[in-house]
Amino acid sequence: GTTAVTPSDRLAHCEVMDSLGLITLAVGLENRFRVKLSEQDAPDLESFGDVIDLVNRRRAEADR
(Lines give C-alpha, C1' and ligand atoms only; values in the text may rest on other atoms or scores of the structure.)
Protein backbone atom coordinates (compact mmCIF):
# COMPACT_ATOMS: atom_id res chain seq x y z
CA GLY A 1 0.00 0.00 0.00
CA THR A 2 0.93 3.64 -0.10
CA THR A 3 2.52 5.44 2.79
CA ALA A 4 0.88 8.72 3.76
CA VAL A 5 3.17 11.69 4.25
CA THR A 6 2.59 14.80 6.32
CA PRO A 7 4.05 18.32 5.91
CA SER A 8 6.40 17.70 8.84
CA ASP A 9 7.90 14.54 7.30
CA ARG A 10 11.52 15.04 6.30
CA LEU A 11 12.37 14.36 2.67
CA ALA A 12 15.67 12.66 3.52
CA HIS A 13 13.92 10.12 5.75
CA CYS A 14 11.20 9.24 3.26
CA GLU A 15 12.00 5.96 1.56
CA VAL A 16 10.17 6.95 -1.64
CA MET A 17 12.23 10.14 -2.00
CA ASP A 18 15.48 9.13 -3.65
CA SER A 19 16.97 11.55 -6.17
CA LEU A 20 14.74 10.23 -8.96
CA GLY A 21 11.73 10.56 -6.69
CA LEU A 22 12.62 14.18 -5.95
CA ILE A 23 12.98 14.96 -9.66
CA THR A 24 9.64 13.32 -10.37
CA LEU A 25 8.06 15.31 -7.53
CA ALA A 26 9.51 18.60 -8.82
CA VAL A 27 8.33 17.97 -12.39
CA GLY A 28 4.88 17.00 -11.14
CA LEU A 29 4.62 20.15 -9.02
CA GLU A 30 5.78 22.34 -11.91
CA ASN A 31 3.20 20.81 -14.23
CA ARG A 32 0.35 20.84 -11.72
CA PHE A 33 0.87 24.32 -10.29
CA ARG A 34 2.59 25.99 -13.26
CA VAL A 35 5.58 27.02 -11.18
CA LYS A 36 9.30 26.87 -11.89
CA LEU A 37 11.50 25.14 -9.34
CA SER A 38 15.28 25.23 -9.56
CA GLU A 39 18.16 23.22 -8.16
CA GLN A 40 19.07 26.27 -6.07
CA ASP A 41 15.85 25.72 -4.11
CA ALA A 42 16.82 22.18 -3.11
CA PRO A 43 19.14 22.90 -0.14
CA ASP A 44 16.33 24.78 1.64
CA LEU A 45 13.89 21.90 1.32
CA GLU A 46 14.08 19.62 4.32
CA SER A 47 10.44 18.64 4.78
CA PHE A 48 7.34 18.29 2.66
CA GLY A 49 6.06 21.45 4.36
CA ASP A 50 9.05 23.31 2.92
CA VAL A 51 8.06 22.08 -0.55
CA ILE A 52 4.47 23.30 -0.01
CA ASP A 53 5.75 26.71 1.16
CA LEU A 54 8.04 27.00 -1.86
CA VAL A 55 5.24 26.17 -4.32
CA ASN A 56 2.97 28.73 -2.62
CA ARG A 57 5.73 31.39 -2.87
CA ARG A 58 6.31 30.62 -6.55
CA ARG A 59 2.57 30.83 -7.25
CA ALA A 60 2.36 34.20 -5.46
CA GLU A 61 5.34 35.49 -7.47
CA ALA A 62 3.72 34.32 -10.73
CA ASP A 63 0.49 36.15 -9.86
CA ARG A 64 2.28 39.49 -9.58
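Where does arginine 34 lie? I found arginine 34 in the loop between α1 and α2. Helices here are DSSP runs of H or I with at least four residues, strands are runs of E with at least two, and both are numbered from the N terminus.

**Ground rules.** I am working on a predicted model, where local features need pLDDT of at least 70, side-chain atom pairs count only at pLDDT 80 or more, and totals for chains, interfaces and linings use all residues. Residues are numbered from 1 along each chain as its sequence is written, and side-chain values use heavy atoms, with hydrogens and water left out.

**Arginine 34.** I looked up its backbone. Arginine 34 is not a glycine, yet its phi is positive, about 55°. Most residues other than glycine have a negative phi. I then checked accessibility. Arginine 34 counts as exposed because its relative accessibility is 67%, with exposed meaning over 50%, buried under 20% and partly exposed in between (1.4 Å probe, protein chains only).

**Glutamate 30.** I placed glutamate 30 in helix α1. Buried or exposed? Glutamate 30 is buried, as its relative accessible area is 17%. Leaving out residues up to four places away in sequence, I listed its contacts as Val35, Lys36 and Leu37. Contact means heavy atoms within 4.5 Å.

**Rings.** I noted the charged end of arginine 32 over the ring of phenylalanine 33, 5.0 Å from the ring centre. The test asks for NZ of Lys or CZ of Arg within 6 Å of the centre and within 35 degrees of the ring normal.

**Glycine 49.** I found glycine 49 in helix α2. Glycine 49 is buried because its relative accessibility is 12%. I also took its C-alpha distance to threonine 24: 17 Å in space, for 25 residues apart in sequence.

**Largest pocket.** I read a volume of about 440 Å³ for the largest pocket. A pocket is an open set of points on a 1 Å grid over the protein atoms alone, where a 1.4 Å probe fits, with protein on both sides within 12 Å along at least five of seven lines; lining residues have an atom within 4 Å of a point. Volume is the space filled by probe spheres set on the points, which are joined across faces, edges and corners.

I counted 20 lining residues, with Leu22, Ile23, Ala26, Ala42 and Leu45 nearest the centre. The elements giving two or more residues to this lining are α1 (19–33) and α2 (48–63). Helix α1 gives the most, with seven residues.
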